[in-house]
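Have your viewer ready and follow along from stop to stop. Each stop says what to select and what is there.

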Amino acid sequence: MAASAGRELAVAYQLGTSDAADAFVIAFLAPSFVINAPIGAFVEALAPTFVRVREREGAAAGARLVANGLVATAALVLARILALALLAEPIVGLLGSGFSAEKNALTLRLFYFLLPVVALQGVCLFWGRLINCVQRFALVAMVPLATPLLTIALLLVFEERLGVYAL
């Protein structure tokens, strides 16, 4: 919780209420929702089945189920990323309807830039939930701490050179 608050303070300190901050939020939130909502639901539905298969049929059967689930997740992520890439201009145009042309262009560039990041985030969501199912809690519990700390470090070190792309 403190690390997340620190991240928000670092973002506010470095970017404030700039056009770049607005563009980043719009560019990140739409793809994040489109990717993470269905993957979150899928992995929550898969998790009890994984535990049951692993207990009844063994670790190998559980691993096969996870492999199939990962293929399905990757296909879902890829299809959604491609759809987002194809629809990027109308999405950004709609969500940034009050933006200037320059701010809209930045939002579009960030949107494309963030698509692979959001795809990786979706796959990490899949793995994180399943890692919890095999009672490996420490690794998954450390991610919510590591992510804000890494974000703070990247912002403080690279924001001057990379601007909003450091975020």
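## A helix crossing

Start with helices α4 and α5: α4 passes α5 in a right-handed crossing (the near helix is turned clockwise from the far one by less than a right angle). This is a predicted model, in which local features need pLDDT of at least 70 and side-chain atom pairs pLDDT 80 or more, while totals for chains, interfaces and linings use all residues. Residues are numbered from 1 along each chain as its sequence is written, and side-chain values use heavy atoms, leaving out hydrogens and water.

Select residues 88–95 for α4 and 101–133 for α5. Helices here are DSSP runs (H or I, at least four residues), numbered from the N terminus. The two axes come within 10 Å and cross at roughly 130°; axes are lines fitted to C-alpha atoms over the stretch in contact, with angles from 0 to 180 degrees between N-to-C directions.

Next, stay on α5 and pick Phe126. Phe126 is buried, at 0% relative accessible area (buried is under 20%, exposed over 50%, partly exposed in between, with a 1.4 Å probe and protein chains only).

Finally, select Asp19, Asp22 and Lys103, which are linked in a network of salt bridges (a side-chain nitrogen of Lys or Arg within 4 Å of a carboxyl oxygen of Asp or Glu). Lys103 meets Asp19 at 3.4 Å, N to O, and Asp22 at 2.7 Å. Lys103 is buried at 11%, whereas Asp22 is partly exposed at 31%.

Methods
Helices (H or I, at least four residues) and strands (E, at least two) are DSSP runs, numbered from the N terminus.
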